[in-house]
Amino acid sequence: MPRALWGGLVALAGVMVILAALDVAPFDQANRHAPRWVVMLAGGLFVLAGLVVWTRGSPGAQAAGHAAGYAMVIGLAAIADWVAFGPGTRAFGFATWRRAPDLECRIAFGLGALMMNAIVLMMTADAARRLLGPGLWVTALERAGRAGLVVTISPFILLLVILMLVRAGWDGISRAALGGRRPDGKGG
C-alpha cells in the first residue's frame, strides 16, 4: 500500500477522533470519559503521524519529521500526565472480567507519565544543544531526564532480578530433590 494511502488513513482516523471530541454526529458522547482537550489532542497526534507518513521522503520532510516527533512525544506525555495526575477517578479494563481500580491505573500511568516527562526533558536538552550549543543548563536537563528514566525503569529491573533469583532458586531445589540430576533426567 502506498505511503500516501497509509498516511491518509492514519490522519483520517485522527480526524474522526477530533470530530467525536467536537460532538459531531454520529459519535455517542456518553462513551467519552476524558475532557475534550485530551480527546482532541489524541486525534491531533494521529493526524500529525499520518502527515509524517504521507510526506516522508519529500523535501524538508526530515526536519518536519523531527519537529513532529517532538510534538508527538510532548502530546503523549500530556495525555499520560492527565490520566495519572488529573482530577476524577480512573478505571481501565480491556476485558469484561476485570477493571483496574483508580490506584492501579494511576500507578501504571504515573510511571508511564514520568517516563514520558523524562524523555521530554532529554529531547528538550537535545534540541537546545543543537540550537544553542552546549551549556550547564542543557547538561542539567539531560541528567534530570536520564535520572527520571532510571527511576521509572527501576521497578521493572527489580522485578526481573527477583524473577531470575526465584528461577535460579527453583532450579537449585529441583536439582537437589532429583539427586543432582537435571529435571529433564539428563546428567548434572
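**Close-up 1. Threonine 152 and what it touches.** Leaving aside residues up to four places away in sequence, threonine 152 touches Leu111, Leu114 and Met115, where contact means heavy atoms within 4.5 Å. Threonine 152 sits in helix 5 (residues 136–177); helices here are DSSP runs (H or I, at least four residues), numbered from the N terminus. With a relative accessibility of 2%, threonine 152 counts as buried. Buried means under 20% relative accessible area, exposed over 50%, and partly exposed in between (1.4 Å probe, protein chains only). A polar atom of the threonine 152 side chain is 3.1 Å from the backbone oxygen of leucine 149.

A quick note on the model: it is predicted, so local features need pLDDT of at least 70 and side-chain atom pairs count only at pLDDT 80 or more, while totals for chains, interfaces and linings use all residues. Residues are numbered from 1 along each chain as its sequence is written, and side-chain values use heavy atoms, with hydrogens and water left out.

**Close-up 2. Arginine 106 in helix 4.** Arginine 106 belongs to helix 4 (residues 102–132) and, at 18% relative accessibility, counts as buried. Its side chain has a polar atom 3.0 Å from the backbone oxygen of glycine 86. Not counting residues up to four places away in sequence, arginine 106 touches Val83, Ala84, Phe85, Gly86, Pro87, Gly88, Thr89 and Arg90.

**Close-up 3. Helix 3 against helix 4.** Helix 3 (residues 61–85) packs with helix 4 at an angle of about 150°, and their axes are 8 Å apart. Axes are lines fitted to C-alpha atoms, for helices over the stretch in contact, and angles run from 0 to 180 degrees between N-to-C directions. The two helices are therefore roughly antiparallel to each other, a label for angles over 145 degrees.

Close-up 4. Gly7, Ala11, Gly14, Ala20 and Ala21 are the buried residues of helix 1, and they pack against helix 2 (36–55). Aspartate 23 is in the loop between helix 1 and helix 2. Although not a glycine, aspartate 23 has a positive phi of about 65°. At 39% relative accessibility, aspartate 23 counts as partly exposed.

Technical notes:
A polar contact is a pair of N or O atoms within 3.5 Å; within protein, one must be able to donate a hydrogen and the other to accept it, and residues adjacent in sequence count only if both atoms are side-chain atoms. Angles under 35 degrees count as roughly parallel, over 145 as roughly antiparallel, 65 to 115 as roughly perpendicular and the rest as oblique.
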